[in-house]
Amino acid sequence: YQGAGDEQAEENESKSPIGGIDAAAVAAEITSELVAFVHQDLPKDVLSREVIAGWKKWAEFGKQQVLRDAEGNEIVVPIGIEADGQLRVRGQDGRERLLVADYLL
């Protein structure tokens, strides 16, 4: 049995407490746009370049980040993204390296 208040409670569960954003609607829109993007009639290398260009546009390069899985919570500065999606970072020692499976806080 679903009471009259249950429908309202379910609707409120998908809304963010900040600004009343409907999380389910946002997720559906992102999914729809992603599917449309991937199914464009373009070569995969062109699509991957577009993804990387978009990521670079929104990434916070030059801002210190903490590697959550590194001993001592190592601080790195993201400086670029490689063609294969690896993140190029500079450590506090000045050395650059590529991250594949590390995560940022």
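Modeller: R97 is partly exposed, with a relative accessible area of 32%; that label covers the range between buried (under 20% relative accessible area) and exposed (over 50%), using a 1.4 Å probe and protein chains only. Keep in mind that this is a predicted model, where local features need pLDDT of at least 70, side-chain atom pairs count only at pLDDT 80 or more, and totals for chains, interfaces and linings use all residues. Residues are numbered from 1 along each chain as its sequence is written, and side-chain values use heavy atoms, with hydrogens and water left out.

R97 makes a salt bridge with E74, and the closest N and O atoms are 3.0 Å apart. The term here means a side-chain nitrogen of Lys or Arg within 4 Å of a carboxyl oxygen of Asp or Glu. The pair ties together distant parts of the chain, 23 residues apart: R97 sits in strand β4 (residues 96-99), while E74 is in the loop between β1 (65-66) and β2. Strands are DSSP runs (E, at least two residues) and helices likewise (H or I, at least four), numbered from the N terminus. E74 is also partly exposed, at 26% relative accessibility.

By that salt-bridge rule the count comes to 7. Among them is R88 with E82, at 2.9 Å from N to O. R88 has a relative accessible area of 25% and E82 has 24%, so R88 counts as partly exposed and so does E82. R88 also pairs with E96, where the closest N and O atoms are 3.3 Å apart. E96 is partly exposed as well, at 41% relative accessibility.

Now for the greasy side of things. The largest nonpolar core has 7 residues: I52, L67, V76, I81, L87, V89 and L99. β2 (75-81) and β3 (87-91) are the elements that give two or more residues to this core. A core in this sense is a set of buried Ala, Val, Leu, Ile, Met, Phe, Trp, Tyr and Cys residues joined through side-chain atoms within 4.5 Å.

Last, a helix. α2 has 16 residues and reaches 22 Å from its first C-alpha to its last, close to the 22 Å expected at 1.5 Å a residue; the expected span is 1.5 Å times one less than the number of residues. I30 lies in α2 (residues 23-38) and is exposed, with a relative accessible area of 54%.
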